[in-house]
Amino acid sequence: MQYVGMMTQIRRNNLRSVLLLLSFPLIILATVWVFLAIIQSMGAPPADAYGNVAAEVDYDAVNRSFVAIAPWVVGIVGVWFLIAYFANSSMVRAATGARPLTRRENPRVYNIVENLCMTCNMDMPQINIVNDPQLNAFASGIDKKSYTVTVTTGLLRALNDDELAGVLGHELTHIRNRDTRVLITSIVFVGIVSTVMSVVMHMMFNAMFYGSHSRSRDEKGSGVSIIIVMLVGVVCCAVAYFFTLITRFAISRKREYMADAGGAELCGNPLALASALRKISGAPGLQGVQRQDVAQLFIIHPQALTSGMMGFFDSLFSTHPDTRKRIAILEQF
């Protein structure tokens, strides 16, 4: 299998990174504007004595409020993003339980990675390992200092050297194509929206079940208003989260096929990579990881994370193609 189009893929991924950086703040700002418009319409005055109904939404008032709030929203989200973006390595390690793997501990992995890096003339990334019986590998990082390839102990036990070289070549190709930069950008923004949703829902839960016991009858009306406002906030956050899922389409499923092609070229044995994917598909993922955003990094997306209604939507917007198709393509060569 010949690996072609790497520079084109790099350019496309750089463009996707820029588009993601622009689209996520726009989604958040649009959600804030809709929230303000809904709240303003809820307080619109009723019809007058002549039956004239005032405009349901005073757009001038909404726009004035939005202009006053938008800089704060942009500033908070910007600072949050920068902290998460540049702390992505520690975030991924904490989420997966990964730790650095030393050469003395496992020279086999280091030798394979070094040979593959010399073949494609790239710098050696960091190598991490997770003590987990399931089979998994993924690449992460945004630059040369943070580029990392992570493997599980289960993967090292299950694969022979040729199969492991194919998997490591696949992950190195993700780094070469800068797929990891796009994925980390997506993970950070989806995490921001998810966190805001969780906070708003927690506040609404407390207002409904705990605040009601301490309020007098006169205060209950204002309490209901607060709950309605927070409920509107939850709906707006849910809509924003839905659109952040849609932006996963910017992370084309083609990147996995490209990484398969690159891994097959680097190891020189497409059938070995196909065999590795078949083994991994039997027990993919990490036992302690239940986060969809982190699962985007895995070489094969765990099907256990796609159960239920939310799983249906996550699979609908999945960034991974069907594993059987990937194996069939590799076995054609």
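## Helices α9 and α10

In this predicted model, helix α9 (residues 254-267) and helix α10 (residues 270-281) have axes that come within 8 Å and cross at roughly 125°. The two helices are therefore oblique to each other. Oblique covers what is left once angles under 35 degrees (roughly parallel), over 145 (roughly antiparallel) and 65 to 115 (roughly perpendicular) are set aside. Axes are lines fitted to C-alpha atoms, for helices over the stretch in contact, and angles run from 0 to 180 degrees between N-to-C directions. Helices (H or I, at least four residues) and strands (E, at least two) are DSSP runs, numbered from the N terminus.

Asp 260, Gly 263 and Ala 264 of α9 meet Pro 270, Leu 273 and Leu 277 of α10. Contact means heavy atoms within 4.5 Å. By class, the residues are 4 nonpolar, 1 polar and 1 charged. Nonpolar covers Ala, Val, Leu, Ile, Met, Phe, Trp, Tyr, Cys and Pro; charged covers Asp, Glu, Lys and Arg; the others, Gly among them, are polar.

## Helices α6 and α9

Helix α6 (residues 161-176) also meets α9: their axes come within 7 Å and cross at roughly 125°. That makes α6 oblique to α9. The crossing is right-handed, with the near helix turned clockwise from the far one by less than a right angle.

On the α6 side, the contact includes Ala 165, Gly 166, Gly 169 and His 170. On the α9 side, Met 258, Ala 259, Asp 260 and Gly 263 are among the partners. The contact residues divide into 6 nonpolar, 7 polar and 4 charged.

## Aromatic pairs

The structure holds 2 aromatic pairs. Rings of Phe, Tyr and Trp (its six-membered ring) pair if their centres lie within 6.5 Å; planes under 30 degrees apart are stacked, over 60 edge-to-face, and the rest tilted. Trp 33 and Tyr 59 are stacked, at 6.2 Å centre to centre with 10° between the planes. Trp 33 lies in α1 (residues 6-42) and Tyr 59 in α2 (residues 59-86), so the pair ties together parts 26 residues apart in sequence. Trp 33 is partly exposed at 26% relative accessibility, and Tyr 59 is partly exposed at 48%. Buried means under 20% relative accessible area, exposed over 50%, partly exposed in between (1.4 Å probe, protein chains only).

Phe 138 and Phe 298 form a tilted pair: 5.8 Å centre to centre, 40° between the planes. Phe 138 sits in strand β3 (residues 137-140) and Phe 298 in the loop between α11 (292-295) and α12 (308-316), so this pair ties together parts 160 residues apart in sequence. Phe 138 is buried at 1%, and Phe 298 is buried at 0%.

## Basis

Residues are numbered from 1 along each chain as its sequence is written, and side-chain values use heavy atoms, leaving out hydrogens and water. In this predicted model, local features need pLDDT of at least 70 and side-chain atom pairs count only at pLDDT 80 or more, while totals for chains, interfaces and linings use all residues.
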